[in-house]
Amino acid sequence: MPIAKTMTHADLAPRFKLPRWRLGPFVLVVPALVFVGAVSVYPVLLGLWLSLRNTTLSSPEDAFVGLANYQQLLSDGGFWNAWIHTIEFMGASTLLETVVGLGMALVMSERFLGRGVVRAAVLIPWAIPTVVTSKMFGWLFDGQHGIVNYLLRSCGLIPGNLNWYGSPELALPTIIIADVWKTTPFMALLLLAGLQTIPRSLSEAAAIDGASPWKRFWSVRLPLLAPSLLIAALFRALDAFRIFDLVYVLTGGGPADSTEVLSTLTYKNLFSALQFGYGSALSTTMFVTEILVAIGFGFFLLKRFREVQL
Amino acid sequence: MRFSAHLEYVDMHKNAVPPNTLSLPDLSAAGAPDGLPASGVNRREFIKRTGLALAGATAASTFVGPRRVWAAGPVELTFASAKFYGKQTIAEVVNAFNGSQSKIHVTYKELPPPSSSTEVHQTLVQQLARRNGDPDVFTQDIIWIAEFAAAKWALPLDEYFKDSAKDYFSGMVQACTWQGKLTALPWFVDSGMLYYRKDLGFNAPTSWQELIASAKQATSSGGVKFGFLWQAKQAEVLVCDLVSFIGSNGGAILQPDGKTVSIADEPAVEAVQLMRDLINKEQITPSDVLSWDEEPSRRPFTAGEAAFLRNWSYVWKIAQSDAESKVVDKVAVVPLPHFPNKKSAAALGGYQYGINASSKKREGAVEFVRWMSSPETQLRFATQLGLCPTRAAVFDRPEIAKEQAFMQPLKDVFLGAIPRPVTPKYPQVTLVLQSEVSRALTNGNVKEALQTAKEKITTIVKA
C-alpha cells in the first residue's frame, strides 16, 4: 500500500506538470495575439464583412447583399481607371526609384571626401512630410509661376508654359516625379546596406582577372545584390501601391479622373459618400491586389534564394 | 418650481455675475443676508437677494451642503462647428453666450476650417451616426442639410422657430427646409460672385458676352495677364461654379422633385460648353484653372494679374488689405453674368445651425441656437468675423456699413443665389459631377460627358 501510494505520487507529478509546461508558451503569446487580432485581423475581417453589405452611413440601408458590390465594382469604369493608374504609378515609381537609388547607392559606397555628409544629406527628401513635398511640388510645377516651366522655357525646350497638373497627360507623370524625388533616398539607403554586405575582395579579384568596371558591377556585385534589390523593390512597390497624399493634395484625382488612384477613389467612396459597403469592396480589392504583388515578388525571392543555396 | 428657480440664481452668482454686483454670503454658512451692501439696492433686487440667500440656506440644509446646489447647475451643451475667425473666434462668441446667462453652459468643439469641408462632414457624420446626443448643436454646410434631415439626425425645428422663419432671407429658409420641415436654422450666407477690376476701363458685365469682350480688351491692351479666373479643379468648387453657369442659362442639375435629372438638357449643355469655350475658344481663362480651387485662382487676381474672378466673399477682405493685395480700392463685386434674357445665378453657400435629434437637452439647445441666430449675434458675426447675416433686417444695419463695407452691396447677389442639387445623396452626386464635368472641360465632349453624368446620377437618386 505504501509503495503503491508513492507510485501514484510519482505518476501524478508529471501529469500535473506536463499540461502546465505546454500551456506556458501559449499564455505568453496571448497578449501579442490579442493585440494583432484587435488591430490587424479584426479590421480586415470587418472590412471583408462590410464589403458584402450595402451599408451607407447616412441612410438606414444596411443589409447583406452578397457579392453585389463586387459585381458593381467590376463593371465600374471608374474603378478600372483608378486600378490602372495605381498599377502605372506603382510600376513607374518603383522602377525609377530602384534604378536611381541603385546609382546613388553605388556612389555612396565609394570612398570620397565628405561621404558622411552626403549620406546624411541624401535622406532629407525622405524626412520631409509628404504633404509638405506635395505643396512644394505644387509650386515647382505651377503652370504659371513654377520654376520648372521657367527653366525649360529659358533653355528653349518648350515653346510656352506647360500645364503640369491641369492636363490629363502630364498630371500623373508629374506626381510620379514628385514621388521619385521623395522616396529614392529610401531605396538608396536600403541598397547601400545591401552593397556593404558584399565583400570588396570579390570585386578586387575580378579586377585582377581583368574584368572591366561594368563587368565587375554586372556579373559580380549585381547578382549578389539581387536579394536586397528584390526586398527593397517589394517594400517600395507595396508602399507605392497605396499612394494617397500626393494625389490628394495636388490634383484631388483630376483633371478628368486622370490621376485617380485606388486610395483616393476608396477615400471618396468611404468618407465623402459614406458608402461603407462599396468602399470596403474597393479596399478589399486593393488588399487582394497587394497580396498578389507581394506573392509575385516572393516568388522571385524564393527562386533567388534557392539558386544561392544550390 | 420657485425653489428650482432660486437654485438657478445661486448658480448665476457662482458662474457669471461679478461678485461686486451681487454679493451673497457663503452658502455653507447658510446664514442671513448680512453680507448685502446697504446702499444702491432697489426693492426688487433686495427681494431677489433675500430669496437667494434663503434658497441657499434651504438648499444647504436640505441637500447636505453646497455640492448639491452645484449639481443642479447649468445645462451642459456641446457645440461642434467648423472653424471660422476674424477679429474674434467662434469660441469667443460661445463664451459671450455662456456669460450672458446662467442656465446653459456650452462647450465649443472646434472642427477643421470650411476649406477642409470633407473632413468636417466626416467628423460630424461619425458623431451624429452614434445617436448619443453629442454634439447637441452643430453647424452644417448648406449641402448637407438634406442628408442630415433624411437620416433623421437633425431635429425638425418648426415648433420652435416657425414664427421667426419669416425674418430670414426666404432662399435661406428654403435651403434649410427638407420635405416641408425646417431642419436647420440660418447662420450665415455666402455665394459665388464676380470680382472685377474697376480701373481697367470697362463696366461691370451683366452677360457672359460682355464679360468675354471686356476680358479680351483688358488682356490685349496689356493691362492684365488673364481675363477671367474661376475654378475647375476636380473638387466641390467645380460643382459650385457649374451651378452658377447652368443657373445663369435657366437650367438646373436636378429638378426640385429630387428625382428628375436635367444635367443633359440644352441649357446645361450650353453652359458647360461655355465653360469649355472660355478656356479653349475665347482663351480668356488659362487652362491652369483645371487644377485650381479657390486660393490658386485668387492669388493672381489680388496680385493684379487678372481682370475678372469668380470667388466667395472672403476674397474681398484680402483684396482690400495693403499687405496682401496690389489691387486695393481697384476692385468691385457684382452678381455673376448670365446668358441673354436669363437671370444671374450663384451657388448658395454658408453654414447653418442644426440640433442633434438625439440630444437629451433639447430645450437648452433651442435656447442656444435662438441666441446664436438672434439679430445681435448675427451682427456680431458680421462685424467681427465677416460672416454675412441671413436676416434681412441685420443686413441693413449701419454697423455693417461701417465695419464691413463690402457686405451690403452683396444683398442682391445673395438673394439671387440658388442651391446646389438638393438630395440626401448629394455626396455621391457631387462626385459624379466633379468627375464628368472635369472630363467635359478637358476633352471637350460635353454632351457625352453630361449624358454619362445624367445616367449615373439618375441611378443614385432613384436608389
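Trainee: Read along the sequence, what pattern does chain A follow?

Mentor: In this predicted model, chain A reads α-α-α-α-α-α-α-α-α-α-α-α-α along its sequence, with 13 helices and zero strands.

Trainee: Why is chain A more spread out than a compact globule?

Mentor: One compares the radius of gyration with what the globule rule gives: for the 310 residues of chain A the rule gives 19 Å, whereas the radius of gyration is 27 Å, well over that value, so chain A is more spread out than a compact globule. The C-alpha trace of chain A spans about 110 × 75 × 35 Å along its principal axes, and 32% of its residues count as buried.

Trainee: How many residues of chain A are in contact with chain B?

Mentor: On chain A there are 23 such residues, and they are in contact with 23 residues of chain B. Helix H12 (residues 262-272) of chain A gives the most to this side, with three residues, and by class the side holds eight nonpolar, 13 polar and two charged residues.

Trainee: In what order do the four strands of the open sheet in chain B lie?

Mentor: Strands of a sheet pair through backbone hydrogen bonds, either parallel or antiparallel. Here the order is S9-S10-S8-S11 in chain B, and the pairing is mixed; strand S9 (226-229) and strand S11 (331-334) of chain B are the edge strands, each pairing on one side only. The twist from one strand to the next averages 15°.

Trainee: How many bridges join strand S8 of chain B to S11(B)?

Mentor: Four bridges join S8 (residues 193-197) to S11(B), and the two run antiparallel, with B:Arg197 opposite B:Val331 in S11(B). Helix H12 (residues 294-302) of chain B lies across S8, S9 and S10 of that chain, running at about 150° to S10(B).

Conventions:
Residues are numbered from 1 along each chain as its sequence is written. Chains are lettered from A and ligands numbered from 1 in the order in which they are written. This is a predicted model: local features need pLDDT of at least 70, side-chain atom pairs count only at pLDDT 80 or more; totals for chains, interfaces and linings use all residues. The radius of gyration is taken over C-alpha atoms; the globule rule is 2.2 Å times the number of residues to the power 0.38. A residue is buried if 20 or more other C-beta atoms lie within 10 Å of its own, exposed if 12 or fewer, and partly exposed in between; C-beta atoms are placed from the backbone. Two residues are in contact if their C-beta atoms, placed from the backbone, lie within 7 Å. Ala, Val, Leu, Ile, Met, Phe, Trp, Tyr, Cys and Pro count as nonpolar, Asp, Glu, Lys and Arg as charged, and the others, Gly among them, as polar. Two strands pair if DSSP finds at least two bridges between them. Axes are lines fitted to C-alpha atoms, for helices over the stretch in contact, and angles run from 0 to 180 degrees between N-to-C directions.
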